[in-house]
Protein chains: 2
Amino acid sequence: MTGSARAFAPASVSNIACGFDILGFALQSEADDSPGGPGDVVTATQGVRDGRAGPCGPVRITAIAGDDGRLPLQTGRNTAAVAAAALLEAEAPDASVDLEIEKRMPLESGLGSSAASAVAAVVAVDALLGLDLPPATLLRHALAGEILASGGAHADNLAPALFGGLVLVRSLEPEPDVVELPVPEGLTCALARPHTHVNTRESRSTLDRDLPLERAVTQWGNAAALVASLYRNDLELLSRSLVDVVAEPVRGPNVPGFYDAKQAATEAGALGCSLSGSGPAVFALCDGRDRAREVAAAMAAALEHALGVDCDRLVSPLPAPGARVIEAGRDAGGG
Amino acid sequence: MTGSARAFAPASVSNIACGFDILGFALQSEADDSPGGPGDVVTATQGVRDGRAGPCGPVRITAIAGDDGRLPLQTGRNTAAVAAAALLEAEAPDASVDLEIEKRMPLESGLGSSAASAVAAVVAVDALLGLDLPPATLLRHALAGEILASGGAHADNLAPALFGGLVLVRSLEPEPDVVELPVPEGLTCALARPHTHVNTRESRSTLDRDLPLERAVTQWGNAAALVASLYRNDLELLSRSLVDVVAEPVRGPNVPGFYDAKQAATEAGALGCSLSGSGPAVFALCDGRDRAREVAAAMAAALEHALGVDCDRLVSPLPAPGARVIEAGRDAGGG
């Protein structure tokens with residue numbers, strides 16, 4: 001049996017200020033909702049079972065493009081391979097696959113690069129093998145890759161990369177429990193990414209292991225209120241809820257230019273602004289695309305001025321679509 | 001100027017499992033939605049400014065009924081008086097009032113007794129003086145009484161006692177920010193209260209001051225999901241979200257019979273069950289009144305069996321109405 005399947009999974013913003021490890025939304029390019037990016041494309045091809053050993057035995061990475069040579073081809077260190085291997089082990093123990101990864105997004109920028117790889121891999125492998133697994137099962141296997149990348153089990157990038165939109169991950173136990181939330185019309189993400197990097201695994205390790213109860217109460221008040229604001233179409237409540245008292249106070253001072261960008265976003269009329277994941281990308285939620293363009297420009301200018309490096313900007317209409325198969329054919333690929 | 005105003009404020013269930021200090025709902029009797037209880041009635045009468053000193057100078061408690069003599073007449077120790085004094089100091093510094101308090105609910109049972117007193121007091125005084133203060137202002141003054149009773153600033157009993165229904169208190173700073181949440185049709189509270197007591201101030205002091213980050217994430221995932229479940233009319237999600245990993249694990253073992261009642265509620269088909277506030281009352285949320293009656297009976301039987309004391313039960317349709325003026329007249333009372 002030969003064939004191949006290609007899948008795209010989008011970049012995403014996790015935490016959304018008040019929802020550390022539980023909230024995230026998918027991103028798309030304003031100009032183009034085709035799978036041009038930001039995100040990952042993974043092509044899965046039937047592999048030859050040749051008795052390969054190693055941590056991801058039946059999975060091989062044959063090529064990686066768009067990463068400037070920074071991602072590991074070794075399967076045990078590659079999130080896409082680990083996710084694909086978890087899927088094969090549980091669902092198709094006799095199969096083997098080769099993966100080609102094309103990064104259409106930056107690495108270590110707080111935009112869910114590892115999640116996009118893991119999700120695109122499981123979606124591609126699922127399509128290749130015709131398994132048609134339920135989304136919760138795909139998410140569970142993709143989680144294996146994310147744990148490798150970040151050192152912790154969290155799905156606030158994985159779930160939006162898979163489902164699209166703005167999602168809540170209530171819990172991962174006993175099964176991933178994902179709630180797709182409504183998005184008020186016109187809500188738009190402005191994003192600025194300086195050409196610097198943050199290692200997620202290291203960034204997570206700097207967070208306090210314990211949280212004062214009072215601060216935790218503040219956080220769950222804001223997380224609950226943010227959800228309510230989405231259902232109520234209440235942008236004022238949303239704005240008041242976009243406060244992070246858990247991760248931002250620890251990570252913010254370590255992300256050069258962050259507070260400049262946040263101030264610029266506020267002055268340009270953003271509803272709220274925080275780090276995207278662990279940064280250095282900074283996101284803001286805005287009422288309307290025009291406002292989001294102004295906010296993205298203001299944040300990018302502030303970061304460029306503070307850091308002296310180039311800064312990408314993105315305006316992403318919400319909700320953005322999630323992962324999808326973009327090409328599948330039993331006879332389309334090599335094998 | 002003479003006159004009087006009487007106000008009722010209902011008992012309430014705070015926390016709702018996953019919403020420590022931020023979520024609560026008002027209670028009512030199934031048989032009767034008039035102000036028969038459970039709750040407090042406070043009658044405010046124009047007082048004579050006689051140069052009284054003391055912590056609540058212009059406020060005097062003239063009578064308390066229904067408390068078996070357990071509540072203090074001394075104004076500085078009485079939540080209704082402290083709340084009324086806070087209101088007068090800020091809004092009507094030249095006025096003085098006498099308060100009569102009638103408890104139509106048990107004390108120290110986890111049903112928001114102090115909140116009902118404080119809310120009924122500010123609503124009665126507001127009506128007496130014709131101030132027509134905004135609800136957020138009333139809540140802020142009532143908070144002064146609650147801080148006295150519990151030793152901490154939280155409004156998850158105050159807000160439902162004032163507004164009725166099921167409410168989220170996002171934050172108390174800079175102003176109380178209360179969101180009224182929708183209640184799925186048929187959602188009903190079953191409640192069982194053994195004739196034992198818990199002191200809220202002592203109960204709060206037993207809680208851990210710090211929370212492991214992982215457990216805090218679980219809590220805000222559940223709190224956010226509970227809010228989503230109310231908007232989605234999704235009782236399965238609501239049921240999965242009714243988990244308390246913060247207060248219940250600390251307080252539950254100290255409330256005799258709690259785990260028996262919880263098991264009985266689960267077996268009788270409750271959607272979820274936890275302590276009401278700091279207990280000893282136990283609440284369960286149920287789909288429909290018939291189910292709630294069965295659950296209340298099962299919980300009460302379990303508590304009576306475990307404790308060997310009598311146990312009240314209540315079935316409260318939701319949403320229940322909040323505080324209201326039940327009698328007001330410039331010439332109706334003495335002065």
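Across the interface of chain B and chain A, 11 residue pairs are in polar contact, both residues of each pair being at pLDDT 80 or more. A polar contact is a pair of N or O atoms within 3.5 Å; within protein, one must be able to donate a hydrogen and the other to accept it, and residues adjacent in sequence count only if both atoms are side-chain atoms. This is a predicted model, in which local features need pLDDT of at least 70 and side-chain atom pairs count only at pLDDT 80 or more, while totals for chains, interfaces and linings use all residues. Residues are numbered from 1 along each chain as its sequence is written, chains are lettered from A and ligands numbered from 1 in the order in which they are written, and side-chain values use heavy atoms, with hydrogens and water left out.

**Composition of the interface**

- On chain B, the elements that each supply at least two residues of the side touching chain A are β7 (166-171), β8 (177-181), β10 (210-212), α6 (213-232) and α7 (235-241); helices (H or I, at least four residues) and strands (E, at least two) are DSSP runs, numbered from the N terminus.
- The largest share of that side, 14 residues, comes from α6(B).
- By class, the side of chain B that touches chain A has 20 nonpolar, five polar and nine charged residues. Ala, Val, Leu, Ile, Met, Phe, Trp, Tyr, Cys and Pro count as nonpolar, Asp, Glu, Lys and Arg as charged, and the others, Gly among them, as polar.

**Extent of the interface**

- In total, 34 residues of chain B are in contact (heavy atoms within 4.5 Å) with 34 residues of chain A.
- About 2700 Å² is buried between chain B and chain A, and carbon and sulfur atoms give 70% of this area. Buried area is the accessible area (1.4 Å probe) that two parts lose on being put together, summed over both.
- Arg170(B), Leu213(B) and Trp220(B) supply 27% of the area that chain B buries against chain A, more than any other three residues.

- The same surface serves both copies, since 100% of the contact residues of chain B recur in chain A.

**Strand pairing between the chains**

- Strand β10 of chain A (residues 210-212) and β10(B) run antiparallel and are joined by three bridges; two strands pair if DSSP finds at least two bridges between them.
- Leu211(A) has Leu211(B) as its bridge partner in β10(B).

**Salt bridges**

- Two salt bridges are counted between chain B and chain A; a salt bridge is a side-chain nitrogen of Lys or Arg within 4 Å of a carboxyl oxygen of Asp or Glu.
- The side chains of Asp177(B) and Arg240(A) form a salt bridge at 2.6 Å, N to O.

**Backbone details in chain A**

- Glu173(A) and Pro174(A) are joined by a cis peptide bond with omega about -5°, and Pro174(A) lies in the loop between β7 (166-171) and β8 (177-181).
- Another cis peptide bond, with omega about 5°, joins Gly279(A) and Pro280(A).
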